[in-house]
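This note is written for a colleague who is meeting the structure for the first time. Please read the points below with the structure open.

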Number of protein chains: 4
Amino acid sequence: MKAEERKQMILDCSKKLFSKHGYYNTQISDIVKSANIARGTIYQYFSNKDDIFISLLEAGYDEWKNTISAEIEGVDLLKLEPKEYLSLRIKNSLSYFAKDPEMSNLILRMGYGLPENLVKTINRLDEEIIAQITDEITYGKETNILRKDLNVELAANFLIGAILRIAYHYFVKNVTKNKKDDINKITDEIVSMMTTGIFAS
Amino acid sequence: MKAEERKQMILDCSKKLFSKHGYYNTQISDIVKSANIARGTIYQYFSNKDDIFISLLEAGYDEWKNTISAEIEGVDLLKLEPKEYLSLRIKNSLSYFAKDPEMSNLILRMGYGLPENLVKTINRLDEEIIAQITDEITYGKETNILRKDLNVELAANFLIGAILRIAYHYFVKNVTKNKKDDINKITDEIVSMMTTGIFAS
Amino acid sequence: MKAEERKQMILDCSKKLFSKHGYYNTQISDIVKSANIARGTIYQYFSNKDDIFISLLEAGYDEWKNTISAEIEGVDLLKLEPKEYLSLRIKNSLSYFAKDPEMSNLILRMGYGLPENLVKTINRLDEEIIAQITDEITYGKETNILRKDLNVELAANFLIGAILRIAYHYFVKNVTKNKKDDINKITDEIVSMMTTGIFAS
Amino acid sequence: MKAEERKQMILDCSKKLFSKHGYYNTQISDIVKSANIARGTIYQYFSNKDDIFISLLEAGYDEWKNTISAEIEGVDLLKLEPKEYLSLRIKNSLSYFAKDPEMSNLILRMGYGLPENLVKTINRLDEEIIAQITDEITYGKETNILRKDLNVELAANFLIGAILRIAYHYFVKNVTKNKKDDINKITDEIVSMMTTGIFAS
DNA sequence: TATGAATGAGCATTCATTCAT
DNA sequence: TATGAATGAATGCTCATTCAT
């Protein structure tokens with residue numbers, strides 16, 4: 001087996017294991033067993049455990065970005081209907097994630113690298129939150145406040161995903177000084193997007 | 001110091017440390033040092049390291065849910081303008097996260113529990129994705145496709161948060177059989193929400 | 001409750017636990033829970049864990065010795081038939097052990113204080129040895145070498161008990177210089193006892 | 001050093017230490033120090049501390065059983081005088097224990113696995129019991145009840161070993177319902193063996 | 001005398017990485 | 001280049017004992 005092939009094989013095995021058991025619960029010994037190579041051999045291809053994980057992530061993000069761009073080549077953005085354009089972009093991303101659930105898990109899941117029982121707890125708590133939102137959206141549909149054709153499950157995940165990301169971006173990663181103002185502005189913008197969308201009329 | 005106070009103090013110290021260094025890189029010895037108690041004392045209040053982390057998460061989610069609900073009490077949902085209602089709900093959540101960034105970090109950040117250098121890599125890759133989306137939104141504004149008043153940074157995070165969450169929900173957590181159909185349906189729904197919002201006209 | 005009564009109650013609880021789980025697997029916290037007293041109280045009656053165990057053993061051995069002697073008082077040794085005398089002595093000891101199995105366990109069992117799975121292993125190995133001896137005694141009876149009325153199970157335990165004790169006494173506890181001579185002499189004496197008994201003809 | 005040799009060396013070092021200090025007071029760190037290997041190396045050969053101890057016991061019992069059987073091969077049991085046969089068997093066992101006192105200690109000693117001071121106490125109490133029996137046997141000889149040529153020390157250990165083993169077997173391990181009957185029967189059998197031996201006349 | 005929270009030394013085990021062959 | 005035995009720092013948890021109340 002060629003060096004490049006072998007390196008790729010190690011990455012494939014690692015992806016499976018990291019995705020299934022998380023970073024800390026995947027041991028080098030698991031990887032070498034799965035790849036059917038000797039313990040030391042792995043260090044001929046990667047400088048350490050981190051290096052493997054990072055290689056995977058870099059490759060995953062790269063492919064994601066390429067997937068997004070690739071199919072847009074040859075399409076004149078300005079000739080596309082705006083909605084079609086957005087649609088195309090979203091479809092590309094979703095296709096990428098749908099194609100490779102293991103890599104998607106590495107890129108998307110929260111709390112990877114935690115012990116299994118903690119992950120369970122997190123999932124349970126998360127589901128409680130989603131349930132609450134789901135109930136409200138259902139109620140909104142019944143009372144004719146929300147569109148009858150709204151997919152409740154999807155809308156709930158959409159909203160929670162958007163809002164949590166924003167909360168993390170503005171209040172954890174970049175802590176702003178004037179939070180109160182921010183909250184109002186941010187809220188208004190979200191509401192505005194959820195009301196009239198993002199397109200110019 | 002009363003037992004309840006001491007337990008709370010341990011939780012506070014743990015929250016700081018878990019939030020800053022993640023689950024695996026926070027050692028029991030760090031916590032006891034920070035709480036200025038003896039190694040064994042912590043096991044009088046918690047049965048193990050997991051228990052501390054779980055206690056924190058449970059409390060955090062609880063407070064989040066209470067924050068959401070609390071201020072809605074006494075408000076007649078049906079008497080509120082739909083947009084006002086949505087606004088109130090979002091504001092409550094954001095307020096909660098803005099108020100306690102450490103807990104927010106535990107609840108919101110992806111990849112907690114990973115070694116610090118991996119988190120750095122993830123953040124870098126994430127930023128590259130956001131940059132790409134940001135560019136496109138900016139371009140969309142310049143070309144009058146998107147609303148001139150759109151906050152680019154916020155819209156980018158909004159979109160990426162919503163889409164990643166949905167990708168995780170449909171393609172990692174609940175793997176569907178007919179992915180192709182799903183992708184199309186999901187995409188249409190997202191586009192629809194981003195175009196005409198979620199409200200009944 | 002009087003101090004003396006309470007001390008006795010602690011000893012009773014300890015005896016049960018030590019007998020059931022061994023020295024190392026009986027924790028002070030188990031004892032205080034079982035005795036329904038506070039953690040610190042136990043140290044008002046005993047200086048430490050060892051002290052409790054030793055107190056139990058001392059009391060047990062004392063009672064054993066008393067049981068042996070007690071019923072002999074008033075009996076003129078020389079007026080008793082030799083066999084009756086031996087019989088009385090053995091019966092007294094057996095009665096003592098039969099009366100208090102928990103204490104007997106503390107005094108008699110080999111390997112107490114070991115983790116449970118080790119004890120299991122020891123028991124298994126011991127049974128294998130006994131099985132081997134049992135087989136031989138059975139064969140000896142069938143071939144008319146041994147008395148037809150011999151209780152096989154009892155004889156096997158009798159022999160193994162006697163021999164192991166002697167081996168321990170002469171070769172572990174008091175290591176002798178001239179082992180070869182010793183082995184021969186010891187063997188002869190055992191055979192002699194097993195042939196014509198211990199009594200003067 | 002070959003793998004098999006190294007494993008054996010670890011076992012040898014462990015045997016010494018377990019025999020000297022007992023199971024609980026022999027630490028893994030003591031073993032690795034004594035074997036002059038790294039802490040982790042021991043776990044390449046044994047899965048845990050128990051495993052080492054069990055390996056030792058299994059090997060010890062195996063060798064014991066082999067020692068017993070080995071030298072009997074080629075000897076026609078039926079052509080041997082009964083006493084010679086018994087003699088051979090006992091000699092074999094004693095030889096085994098005399099040859100390897102450390103292993104013998106693991107197999108024979110009561111209470112291994114207890115803290116050193118407890119073992120001391122047990123030994124003291126045990127000696128008191130033996131002293132009492134010794135005294136009586138001496139008296140029996142002086143009064144011509146017991147054979148003049150009886151080795152007092154040996155006979156005392158013989159009797160106590162046999163009786164304690166039987167007590168443990170019948171009253172601790174297999175608790176019988178009708179103890180009183182049992183005691184009488186057992187006593188009679190013991191007395192019978194100590195009077196006319198085990199052989200068919 | 002009784003309490004039980006606090007203590008902290010002690011220990012088995014894990015696992016990424018090295019390096020001689 | 002491949003191997004896999006050896007390494008040893010690191011860590012969560014236990015539990016007998018103390019002591020202020």
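The points below concern a protein interface and then a DNA strand.

1. Basis. This is a predicted model, in which local features need pLDDT of at least 70 and side-chain atom pairs count only at pLDDT 80 or more, while totals for chains, interfaces and linings use all residues. Residues are numbered from 1 along each chain as its sequence is written, chains are lettered from A and ligands numbered from 1 in the order in which they are written, and side-chain values use heavy atoms, without hydrogens or water.

2. Salt bridges. Six salt bridges cross the interface of chain C and chain D (a side-chain nitrogen of Lys or Arg within 4 Å of a carboxyl oxygen of Asp or Glu). One of them joins Arg165(C) to Asp126(D), with the closest N and O atoms 2.6 Å apart.

3. DNA strand F. Among the 28 residues around DNA strand F, those that come nearest are Thr41(A), Arg39(B), Arg39(C), Thr41(D) and Tyr45(D).

4. A backbone N or O atom of Ile28(C) is 2.9 Å from a phosphate oxygen of DNA strand F. For Gln44(A), a side-chain N or O atom lies 3.2 Å from a base nitrogen of DNA strand F.

Conventions
A residue is near a molecule or strand if one of its heavy atoms lies within 4 Å of it. A polar contact is a pair of N or O atoms within 3.5 Å; within protein, one must be able to donate a hydrogen and the other to accept it, and residues adjacent in sequence count only if both atoms are side-chain atoms.
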